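Look at the model first, then read on.

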Amino acid sequence: MSTSLMDLFTTRDRDAFLTDLAENGPVSRGHYVDGTPIWLVTGHPESVTVLTDPRFSSDPGKQSAIDMSAATALPEDVAPYLMSTLGAYDPPDHTRLRRLVSREFTARRVEALRPRIQEITDELLSGLPEEFDLIERFAYPLPIQVICELLGVPEADRAVWRGWAAELTAPDPARVAAGARGLVGYMADLIERKRSRGGQDLLSGLIRVRDDDGDRLADDELIALSISILIAGHETTVGLISQSVRLLLAHPDLQDALRAEPALLATAVEEFLRYTGPAEIAVMRYTLQPVELGGVTIPAGKAVQVVYAAANRDPRRFDGPGLLDVRRPDNAHLGFGHGIHYCLGAALARAETRIALAGLLGRFAVLEAAVPASEIGWRPGIQRALTRLPVRTVASP
C-alpha cells in the first residue's frame, strides 16, 4: 500500500488512518501532496534517526525530487522568504542562524511574558456569553496578540497582517501569492521602521543582535525569520489550544481531574501534544547518501517525510498509544520535533496553552460542546486545523 500525505490531511477518521498507516511498517513508500514519490517514516526510533542523522538534509536546495515552490503555490519572488525557516537549513548555516536568534528569543524573555499572557487570557474570558465559538473568541486571538506583542507588530497593523497570513492557506493559488507578497512587503517595511526607531521587542532585538565575531542577520534573513516566527508562533498554539479543548470536551472526566489537580496540566499538555499535536509532519528531509532504516534501504537523493502523528502512536515507544493518559510518566513525544531543529518557540506554546486551559477550567464549572462532533469545523491541508469549535458553558460560582 502506497499512502499519499493528502490522505492524512483530508481524512475525518484520523485514528483509523494512523492505524492503517502503521501496518505498512516504520518506513514505507508514499506520495507527497503533488503525487511525487517519497518515503514515509512513521516509527518513533526511525523518526528520531531522520531528525538527528546528518545523512538526512533539511535543505531543499540539495535535492531535485520536489519543486517545493510549485507544491506550495508560492510565487518565485517570495517563496524563499516563506520557506527559509530555521528548519530548512543544515549546519553550519543552521548553527549560525539559530545561535543569533537564540540570543534574543530566550527563556528569560518567554518567562517575562507570563503575566501578560495571563492578563490577555483573563481579558478574553471576561464577558463571554454562555455559548461561543472557542476558536473565534479565544484560541485564535490569544496567540495572535501574544506573538504580535512579542515581535513588535503594531496593533494598528495586525488586522492587515492577519488577512495576509490567512491567504497563505487559501485554495486559490492567486490568493496564496497575494498573501505571500503582502506579508513579505509588510515585514520588510516593518524592519526598516524598527531599525530607525529601535525598541525592546524581539524584532528590534534581532535587528541589533551580533555574535561574538560580530556576525549579524542579513535583511533577507530577518524578513524570513520574522515571518516564520509570526506564523509558527500563532498557528501552532492556536492548534494546540483548540485541539486540547476538543479532547477535554470529549472527556469531561479529564476536566474534573484537572480542576481538582491543577498541577496535572503540565503532563496533560504533553499528552495532548502526543495524542493530537498541531504539527502532524516534520519539515521534509532528503537523503545525501543511501541509508538503511527500518529494514529498508532508502537511496540517495530521495525525499523523506517524518510523520509525527504516527511516530507519536508507535507502540514500541508508548504503552497504550491509542489511550489518552494525562498522567503518562514517560512521554518522549515529537510534538515539537527533535534534535537541532527542535521548535524554538516550544516554551512559549507550552506557557500559553497551560495558562489558557487553566483559565478556561477555572472560569467555567461546565464546559461542553454546543454541536455534535460531526459539526465541528476543520480545515484540511498541510496546516490541518480546527476552524470552528462552538462550546456551551456555565460560569463557576
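Strands β5 and β13 run antiparallel and are joined by three bridges. Strands pair here if DSSP finds at least two bridges between them. Helices (H or I, at least four residues) and strands (E, at least two) are DSSP runs, numbered from the N terminus. This is a predicted model: local features need pLDDT of at least 70, side-chain atom pairs count only at pLDDT 80 or more, and totals for chains, interfaces and linings use all residues. Residues are numbered from 1 along each chain as its sequence is written, and side-chain values use heavy atoms, with hydrogens and water left out.

**The three-stranded sheet**

- The pair β5 and β13 belongs to an open sheet of three strands, ordered β5-β13-β10, with antiparallel pairing.
- β5 (131-133) and β10 (364-369) stand at the edges with a single partner strand each, so one side of each lacks a neighbour in the sheet.
- On average, neighbouring strands of this sheet are turned by 30° against each other, direction ignored.
- Axes are lines fitted to C-alpha atoms, for helices over the stretch in contact; angles run from 0 to 180 degrees between N-to-C directions.
- Five bridges pair β10 with β13 (residues 390-395) in the antiparallel sense.
- Helix α17 (residues 346-363) packs on the sheet and touches β10 and β13. The direction of α17 makes about 110° with that of β10.
- Contact means heavy atoms within 4.5 Å.

**Residue partners in the sheet**

- Val 391 in β13 is the bridge partner of Phe 132.
- Val 391 also stands opposite Ala 369.
- Phe 364 faces Ala 395 in β13.

**Nonpolar cores**

- A nonpolar core is a set of buried Ala, Val, Leu, Ile, Met, Phe, Trp, Tyr and Cys residues joined through side-chain atoms within 4.5 Å.
- Buried means under 20% relative accessible area, exposed over 50%, and partly exposed in between (1.4 Å probe, protein chains only).
- The largest core has 88 residues; Leu 134, Leu 142, Met 187, Leu 348 and Leu 389 touch the most other members.
- Helix α13 (residues 219-250) supplies the largest share of this core, 13 residues.
- Leu 134 touches Ala 139, Ser 242, Val 245, Leu 360, Leu 389 and Val 391, leaving out residues up to four places away in sequence.
- A second, separate core of 16 residues includes Leu 5, Leu 40, Tyr 286 and Ala 310.

**Thr 287**

- Thr 287 sits in strand β6 (residues 285-287).
- Is Thr 287 buried or exposed? Thr 287 counts as buried because its relative accessibility is 3%.
- Contacts of Thr 287 include Arg 55, Phe 56, Ile 298 and Pro 299, not counting residues up to four places away in sequence.
- Thr 287 and Ile 223 are 64 residues apart in sequence and 29 Å apart in space, C-alpha to C-alpha.

**Whole chain**

- The protein chain has 17 helices and 13 strands.
- Its radius of gyration is 21 Å, close to the 21 Å from the globule rule for 397 residues, so the chain is as compact as a globular protein of that length.
- That radius is taken over C-alpha atoms; the globule rule is 2.2 Å times the number of residues to the power 0.38.
- Buried residues make up 52% of the 397 residues.
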